[in-house]
Amino acid sequence: MAASTDRTTALKEFEETKAGVKGLVDSGITSIPAIFHHPNIHLSTPAVTQPSIPIVDLSLPRPIAVDLIHAACRDWGFFQLINHGITLSTIDNTISAVRSFHELPAAVRSQYYTRAILGSFSYFSNQDLFYSEAASWRDTLYLIFSPVRPELDRIPEICRSALVKWDESVKEVAREVMGMVCEGLGVGLRRLEELSCLEGRGMAGHYYPPCPEPDRTFGLVDHTDPGILTFLVQDSVGGLQVKSMRDECWVDVKPITGALVVNVGDLLQIISNDEYKSVQHRVMANSSEESRVSIGTFFSPGKRGESDTYGPLSELISIEKPARYGNVKMIEYLNAFLNRKIKSKSQLDPYRLLEK
Ligand SMILES: O=C(O)CCC(=O)C(=O)O
Ligand SMILES: [Fe+2]
């Protein structure tokens, strides 16, 4: 009881600094506060560097790229996309813009600190700070681009134009990739787009400061993403790991300059009726001397009215393979995701109809 009261007080104190993990690092700490201690971290297995997640070259002839994307979504739930058309300078500018926001003086960035992510722009440390057993070594800026358009003047000037441009660039790549995903699934080319899967877009700009005790905490605990597809760009520091479906090993996602990391979310697993799998991933606490930045864009259906439900595509249901999930109502689904601790697959379970 006393311990949990202490923890609650410590969490509130940390929250009230509105300066995130970056604020702790700037204060010169040499050990991490107890709220960041993950008790069973020593039990978690280290990652291997081989095999690595698939690489898909978008400049290959389309049928070949479609086959590669299909195999990657089926066997890994993850791939790195190269030659996708977004220039290196756009990527660098975007990463720098996110870094610059997180490195603004605490008094300036703290003005944006809020957990109300439904506004245009928010900044916080650990989305699930008050739900999880232990906090992780990470701060985040978050923006919703669609279906509600952001109020541009509420986005800090230091990252505004870069993030708006990034959203547009990623959306174009996602349009192409979603078409190829549909082709791989054997459904109409625009099926996902017609389901408004390009129209729900949120963006997280994560900042992982160097951690003085990286063996005691995580950067981001293992989880699956709730939406359709995630497109992520990372700097050269590394730390992202994916759980291999084949042997359950954690595998490093080695940073490749200019690449986008693409992964299947829980909703695509549902819609594809288990053809494609959303796969667990995590980020280790940053043991390098430099801070790490990654920017994820999360695509999900933008149509979220009472009658808009999303379940296994009728083309993928047969007598041999009946529907494995019931229908999802987006508002309920997203609210459930936002109001609990980060974990894996919990979004899928309530909708599962049959045991695999
Ligand atoms: O920072 C990363 O590399 C991964 C971030 C991530 O998995 C997420 O935001 O869902
Ligand atoms: Fe993720």
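Helices (H or I, at least four residues) and strands (E, at least two) are DSSP runs numbered from the N terminus.

Asn83, in the loop between strand E2 (78-82) and helix H4 (88-102), also has a positive phi, near 55°, but counts as partly exposed because it has 13 C-beta neighbours inside 10 Å.

## Basis of the model

The model is predicted, so that local features need pLDDT of at least 70 and side-chain atom pairs count only at pLDDT 80 or more, while totals for chains, interfaces and linings use all residues. Residues are numbered from 1 along each chain as its sequence is written, and chains are lettered from A and ligands numbered from 1 in the order in which they are written.

## A four-stranded sheet

Four strands form an open antiparallel sheet in the order E6-E11-E8-E9, where pairing requires at least two DSSP bridges between two strands. Strand E6 (218-223) and strand E9 (250-252) stand at the edges with a single partner strand each, so one side of each has no neighbour in the sheet. Strand E8 (residues 240-243) pairs with E9 over three bridges, and Val251 in E9 is the bridge partner of Val242.

Note on methods:
A residue is buried if 20 or more other C-beta atoms lie within 10 Å of its own, exposed if 12 or fewer, and partly exposed in between; C-beta atoms are placed from the backbone.
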